[in-house]
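Me: I have a chain open here and want to go through it piece by piece. Can you start with the overall make-up?

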Amino acid sequence: MKYNLIFLFLLGITYIQCTSEKPKPKTNTVLPETINQISAPDPIPEYIDLAFVMGKFTIENHHKIVKIDPLHADNANRYMHVEAYDAFKKMHTAAAKEGVQLKIRSAARNFDYQKGIWERKWSGATLLEGSINAAKSFDNPKDRAVAILKYSSMPGSSRHHWGTDIDINAFDNSYFEKGDGKKVYEWMLSNAHTYGYCQPYTQKGTERPNGYEEEKWHWSFLPVANDCLRMIKKEFKNELITGFVGSEQATALDVYTNFIFGINKSCLD
Ligand SMILES: [Zn+2]
């Protein structure tokens, strides 16, 4: 009995020694650096270069730009970025299930297309906000540019160049404030982010002091648009805006800071 107790005592000591010798997990001192590498921004895709973000390409021939099915647009000749369109189609289906109809009224526009819009407004051929002749109302070129910039971008600085931005249903904030339009806008506010879309031109005020006026119809597909903004941050300068009447106002008006980056801050996340 005495020997049995000594045996059990020795067995216990051996057990304690064996378990205490188990290797302890090592602290991974490399981890913080690895996290930094993972969270560093991905490289900007190669096709998103300065020419692309300034709309200097042919819409119909760009490998990332596709034609929009007339089912989704008001016109058979509309184009947009393939990734933005894939997300739009899903959003369109989800909205339709809830009785909300989304119709694209404008999408990808290159530099030349935007130059046409801008110069028609500059000359007075297109009236501003349906009633103002810019040529007759503003002799001073800076004032004329400011008036056009309420709702239209200078060529080379439009988000529509990227194919990521769409105008839906009606170019009129009041449409989105009652009836079907209100239903559309409320649906977009609640759901568009699920599909990667954000409204860049929200109401102006302390949160968004500069840039275009509010556009409840303009929505942007952020996964690609924010890569375009990263390229702009890297290589774009106001002095690069040239090639159309009034372009010399770009630097004085600081189009880069006040208009390209004068957007709803929640679209930058
Ligand atoms: Zn727009």
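Reply: The chain has 10 helices and six strands, taken as DSSP runs numbered from the N terminus, with at least four residues of H or I for a helix and at least two of E for a strand. This is a predicted model, in which local features need pLDDT of at least 70, side-chain atom pairs count only at pLDDT 80 or more, and totals for chains, interfaces and linings use all residues. Residues are numbered from 1 along each chain as its sequence is written.

Me: What is the mean pLDDT of the chain?
Reply: The mean is 89, and 85% of the residues reach 70 or more. pLDDT is the predictor's confidence in each residue, from 0 to 100.

Me: And where is the pLDDT below 50?
Reply: Over residues 5-38, a stretch with zero contacts in the model beyond near neighbours in sequence. A contact means two C-beta atoms, placed from the backbone, within 7 Å. Where pLDDT is low, the predicted coordinates should not be read in detail.

Me: What share of the residues is buried?
Reply: Of the 269 residues, 32% are buried. Buried means 20 or more other C-beta atoms within 10 Å of the residue's own, exposed means 12 or fewer, and partly exposed is in between, with C-beta atoms placed from the backbone. Among contacts with a separation of 6 or more, 71% are between residues 24 or more positions apart.

Me: Now the sheet. What is the strand order?
Reply: S3-S4-S6-S5, an open sheet of four strands with antiparallel pairing. Strands count as paired if DSSP finds at least two bridges between them.

Me: Which strands stand at the edges?
Reply: Strand S3 (104-106) and S5; each has a single partner strand, so one side of each lacks a neighbour in the sheet.

Me: How many bridges join S3 to S4?
Reply: Two, with S4 covering residues 165-168. Ser 106 is opposite Asp 167, and Ile 104 is opposite Ile 168.

Me: What is the bridge partner of Asp 167 in S6?
Reply: His 218. S4 and S6 pair over three bridges, again antiparallel.

Me: Which helix packs on the sheet?
Reply: Helix H9 (residues 222-235), which touches S4, S5 and S6 and makes about 85 degrees with the direction of S6. Axes are lines fitted to C-alpha atoms, for helices over the stretch in contact, and angles run from 0 to 180 degrees between N-to-C directions.

Me: On to H8. Which residues are buried there?
Reply: Val 184, Tyr 185 and Met 188. They fall within an arc of 95 degrees seen down the axis, so they line one face of H8; the arc is that of the directions from the helix axis to the C-beta atoms. S6 is part of what covers them. On the other side, Gly 179, Glu 186, Leu 189 and Ser 190 are exposed.

Me: And H7, which residues are buried?
Reply: In H7 (residues 141-148), Arg 144, Ala 145 and Ile 148 are buried. Their arc is only 100 degrees around the axis, which puts them on the same side of H7. Their cover includes helix H5 (111-123) and helix H6 (134-137).

Me: Last one, Glu 207: buried or exposed?
Reply: Exposed, because Glu 207 has 10 C-beta neighbours inside 10 Å. Glu 207 is in the loop between strand S5 (197-198) and strand S6 (218-221).
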